[in-house]
Amino acid sequence: MPSLKRTHNPHQASSTLARALDLYEYQGKQLFERYGIPVSEGRLALTPAEAVEAARELGCPVVVKAQVLTGGRGKAGGIKLATTPEEAEAHAEAILGLDIRGHMVNKVWVERASEIEREYYLSLAFDRGAKKPLFMFTTEGGVDIEEIAATKPEALVRLHVDPLEGHHAWQARRLVYEAGVSDPAEQKQIAAIVGKLYEAFVACDAMLCEVNPLIVTPAGEVRALDSKFTVDDNALFRHPEIAELRDAADLDPLERKAREKGVTYVKLDGEVGVLGNGAGLTMSSVDVVTFVGGRPANFCDLGGGGDAQGVVDALEVITSDEQVRSIFFNIFGGITRCDEVARGILQALGQMGIEDPIVVRLDGTNAEEGRQLLTDAAPPNLHVEATMLDGARRAVELAA
Ligand code: GDP
Ligand code: MN
């Protein structure tokens, strides 16, 4: 499964460079609704008082659902059924402020409760390997898809869609038949939802649209009971209304600070702060630190620019991470000039009083001038290395 959340595996972390915007369930459902995928009516509530109000407007029973960017909310006590508005208030009281796998709940979605006859699973995700969107559908829904894939792989129907050809009606029918849905009215509804999901996915530049569960009610109605909707960050300029949905409060505080400063920063688990210019070099630097036996604490991409102020900003973000014990600064100068980067490093050292050792490897445009500047100034905690491998080794030694 494509997982686009922050991760502790540096190899997976490369996917975070192609950043993605994860939407809350209620936001995803609002997009579903816009594309004609049936969802239950609901209201957002930030306080127990708003939850009562919502329950009254909607009519009970309702479900009160924690809005956090992680799954498994049901098991964590973040989803509760209320038969009266007072009960909805009590549930909201209990759920707001809850910590679900490290995510603080500060809003709940109150929705008209559904009766459930069956729970299915439907998703559409971008399969990077095949370079095509991939549908997955199974009647064994409700549980984690990883679990279905592990225990009952034959029940999971997979179907790629050629992005140039687009989606055809026969594909939806095949998903439904192969999964063994036999009721014609149900087949028809699911096939329609499959087509609309494809439309929503393409129109929103999504990377993942997951409906788990897709329910069938006792009256035979099919509806999306949950939503996981992830949009490609690089396409957000085309979707200002989706970009606005980003919730800065859910980001790691340092990631937020980095974003404000225009620096790409990803938190990892180890001790070596990694700073590079360009996604490729930055990811390679993370790999080389791991290769020589170290563990990156984070990584930061200066991007193509890398002027003195950019270096100061990046170093400020990196050194705010308390886990950092040494910094590996790996620059290959192209458009970025190494003397400019060296000035940035010296400027940052002058104004910030960085105590952690910094290992610098400069190569490419104006590398000699850059190295000269650093050697002349010779700050005590600065180490210059000639190659990427030596630089990484030194940084790892100094972090020990
Ligand atoms: P998740 O645990 O984060 O995936 O949250 P979901 O929205 O998928 O809800 C988890 C489970 O709660 C679902 O699989 C349902 O079994 C149950 N649930 C959620 N909403 C309703 C509802 O309206 N009615 C009923 N009966 N069960 C619900
Ligand atoms: Mn779910």
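Thr-336 sits in the loop that runs between strand S17 (326–333) and helix H12 (338–352). The structure is a predicted model. With a relative accessible area of 2%, Thr-336 counts as buried, because the cut-off for that class is under 20%. The side chain of Thr-336 makes a polar contact of 3.4 Å with the side chain of Asn-277.

## The four-stranded sheet

Four strands form an open sheet in the order S2-S7-S3-S4, and their pairing is antiparallel. At the edges are strand S2 (42–45) and strand S4 (79–82), each of which pairs on one side only. On average, neighbouring strands in this sheet are turned by 20° against each other, with direction ignored.

Within the sheet, strand S3 (residues 62–66) and strand S7 (residues 108–112) run antiparallel and are joined by 5 bridges. In this pairing, Val-62 stands opposite Arg-112 in S7. In general, strands of a sheet pair through backbone hydrogen bonds, in either a parallel or an antiparallel manner.

## Helices on the sheet

Helix H2 (residues 25–34) lies across S2, S3 and S7, and runs at about 45° to S7. Helix H3 (residues 48–58) also packs on the sheet, where it touches S2, S3 and S7. The direction of H3 makes about 170° with that of S2.

## Ligand 1

Ligand 1 is surrounded by 15 residues. The closest of them are Lys-65, Arg-73, Gly-74, Ser-114 and Glu-119.

Polar atoms of the protein approach oxygen atoms of ligand 1 at several places. For Arg-73, a polar side-chain atom lies 2.8 Å from an oxygen atom of the ligand. In the side chain of Glu-119, an N or O atom is 2.8 Å from an oxygen atom of ligand 1. Gly-72 takes part through its backbone: a polar backbone atom of this residue is 3.4 Å from a ligand oxygen atom.

## The manganese ion

Which residues coordinate the manganese ion (ligand 2)? The donors come from Asn-212 (O) and Asp-226 (OD), at 2.1 to 2.2 Å. This pair links distant parts of the chain, 14 residues apart. Asn-212 belongs to strand S11 (residues 206–216), whereas Asp-226 is in the loop between strand S12 (222–224) and strand S13 (228–232). Both Asn-212 and Asp-226 are buried.

Key
Residues numbered from 1 in each chain as written. Chains lettered and ligands numbered in written order. Predicted model: local features only at pLDDT ≥ 70, side-chain atom pairs only at ≥ 80, totals over all residues. Heavy atoms only, no water. Pairing = 2+ DSSP bridges. Helix = DSSP H or I, 4+ residues; strand = E, 2+ residues; numbered from the N terminus. Axes fitted to C-alpha atoms, helices over the stretch in contact; angles between N-to-C directions. Contact = heavy atoms within 4.5 Å. Donors = N, O, S within 2.8 Å, 3.2 Å for Na, K, Ca; no water. Buried < 20%, exposed > 50% of the residue type's maximum accessible area, 1.4 Å probe, protein only. Near = heavy atom within 4 Å. Polar contact = N/O pair within 3.5 Å; in protein donor to acceptor, adjacent residues only side chain to side chain.
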